[in-house]
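This briefing sets out the architecture of one chain and its contact with a partner chain. It is written to be read beside the sequence and the coordinates.

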Amino acid sequence: MNKEELIPQIGVVKEIVQETGDVKSFHVVGLDGKPIFKNIPGQCAMVSVPGVGEGMFSITSAPQNPDYNEFSIKKCGHLTSWLHDMEEGQEILVRGPYGNGFPVDTDFRGKDLVFIAGGIGLAPLRSIINYCRANPENYGHLDIIYGSRTKEDLVKRKEIEEEWAKDPHCSVYLTIDREEEGWDGHVGFVPTYASELGLSLDKIIIICGPPIMIHFTLEGLKKQGFKTSQVYTTMEMRMKCGIGKCGRCNIGDKYVCKDGPVFRYDKLDLLPPEF
Amino acid sequence: MIVKVAYSDLNKVLDAISANEKLYLPVDNAAGQAEFKPYTEGVQMSKQLNTLRSAKDFFFPQVQPMVKFRREGKHIDIFDERSESEDYVIFGARACDVRSFDVLDNVFLADPVDTYYENRRKHATIVSLACNRPAETCFCGSFGIDAAKPAGDVQAWIVGDDFCMEPVTEKGQKLIDSIKDVLTEGDQAAVDAQIEKIHEILDRLPLKDVKPVDNRDKELEVFNSPKWAELSSHCLGCGACTFVCPTCQCFDIEDFTGNNHTIERYRCWDSCMYNDFTMMAAGTPRKTQKERFRQRFMHKLVYYPIKNDGMYSCVGCGRCLKKCPIQMNIVKVMKALEEDAE
């Protein structure tokens, strides 16, 4: 029999990192100790535990990571609670990678990129940010605007402050929703912060976060003169198969699992607003 | 070339086929409903127009075991127990169901190929049967399907006292060759006359003028039609339409854990009409039955055609017309969209 895409393979959880109160990162390798797959930034994979459940998660590790595939997962349901409770060394099931990923070899080449993320929305962008940092000759300047409810909810804060913020190719703008003891950075919501920065209009915007954040950020960007054809996002829908067959994750005639998850906003505007 | 057997001797054909391959045909069950069953000697083919359930079960069964796991402590074992299907024959499928296989092929055989479906599909030989007496709920003609020429690998007609067959594909020719001892040469003119007779009936069907509108360039417009609210207002969300539909392909994937240590992953039919179909931790984008109802018909009449060169994901079999408890159906939706287009 030919290989069946719906049959997963075994992944070993080599390391678990507590990122925030409700987000953990899982470093996963195959039984041979190597990364299970090489992904395009922005792609996703199905992670499951037999008898518990299966779900689609964005791959947070960059393609060039030689050691493992990483998933940063927020605890919010049955499967994710199980994953949060497991210990290192646990075997899980993985299949993928799935989806189109970001156009890193075409539309993004040579461009200044602005990443705007809220909360766990950083997870799908971390892969592409580190990919672009590793290939600075192919991209312009990277602006990273990232906000969360509190400073404790900032995912990958150590990496952001100690690596991204010190990278000459990056400018990092962190913000939290409300004043907090021990925080001397920016306070305020992401959409307002993004508008205040006066981004030049030739940049490409990549945005990921809660729908309400995306909505207001997009409104702000449009007001400044950005076209929707300059803005990319990565979508999320309930998925079962991941390969465009189970009929679950469509937005209009597009399947998020196969035709997405990355969409350019002008294209998304042509689809029924059902997401 | 047309071959034939006396209709009263049809079981000679069935016996000859089943001597070589597993054979399935529509048989009346205890409740008097036709359903596809494995052939056993002496069983009579149903005389009813069509089976209660569609023929999609052959390739896309209601429940499909996929893979087994064992989980002990931190360790997982995977047992891939897929095996090559045996060759088999589906006998007496109607033109609508035969077309539904093409509709499903576009989904399951698209890259990456679904091996569960492909395995069952490629080992099947399909003998179709023309519809001498199509029903008032039939509208296959709306989708360019000819119930008088039902296609498949072999197409068949009941002509008077004869059962006539014509191989359409190489696979079909092979099947005919393998049973030629029980067949005699048939009369093309008699079959042509039967086809004409069926065409005359098809032309008198009440739904013959129902036509799908090519709305591939009006996705948003159709989506935003005010008609959806009224059309969906009585939908119970029972999913009956989806389950009898030969082209509905949505499925769920779940793990069965009732077998001690072995966990069995299976897929089963699902319905976009159900309220939890798109439920996520943060909620669902299709909050009321209107959105779920709209999704089903947008998929069949707009989204699927966009993805498949204008082919519709409906074959006009009429099963949903008979089964919907509130008498809502795709014909009413098509008529409403036709009004919108005018």
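This is a predicted model: local features need pLDDT of at least 70, side-chain atom pairs count only at pLDDT 80 or more; totals for chains, interfaces and linings use all residues.

The C-alpha atoms of chain A fill a box of roughly 55 × 45 × 35 Å along the principal axes.

**Overall fold of chain A**
- Chain A contains 6 helices and 15 strands.
- Of its 275 residues, 52% count as buried.
- Among contacts between residues of chain A at least 6 apart in sequence, 70% join residues at least 24 apart.

**The open sheet**
- Seven strands of chain A form an open sheet with mixed pairing, in the order 10-9-8-7-11-12-15.
- Its edge strands are strand 10 (186-187) and strand 15 (262-264) of chain A, each of which pairs on one side only.
- Strand 12 (residues 231-234) of chain A runs antiparallel to strand 15 of chain A and is joined to it by 3 bridges.
- Within this pair of strands, Thr234(A) stands opposite Val262(A).
- Helix 2 (residues 123-134) of chain A lies across strands 7, 8, 9, 11 and 12 of chain A, and runs at about 155° to strand 7 of chain A.

**Contact between the chains**
- Chain B places 40 residues in contact with 32 residues of chain A.
- On the side of chain B that touches chain A, the elements giving two or more residues include strand 4 (63-72), helix 2 (95-108) and helix 9 (289-307) of chain B.
- Strand 11 of chain B gives the most to that side, with 5 residues.
- By class, this side of chain B has 23 nonpolar, 5 polar and 12 charged residues.

Technical notes. Residues are numbered from 1 along each chain as its sequence is written. Chains are lettered from A and ligands numbered from 1 in the order in which they are written. Two strands pair if DSSP finds at least two bridges between them. Helices (H or I, at least four residues) and strands (E, at least two) are DSSP runs, numbered from the N terminus. Two residues are in contact if their C-beta atoms, placed from the backbone, lie within 7 Å. Axes are lines fitted to C-alpha atoms, for helices over the stretch in contact, and angles run from 0 to 180 degrees between N-to-C directions. Ala, Val, Leu, Ile, Met, Phe, Trp, Tyr, Cys and Pro count as nonpolar, Asp, Glu, Lys and Arg as charged, and the others, Gly among them, as polar. A residue is buried if 20 or more other C-beta atoms lie within 10 Å of its own, exposed if 12 or fewer, and partly exposed in between; C-beta atoms are placed from the backbone.
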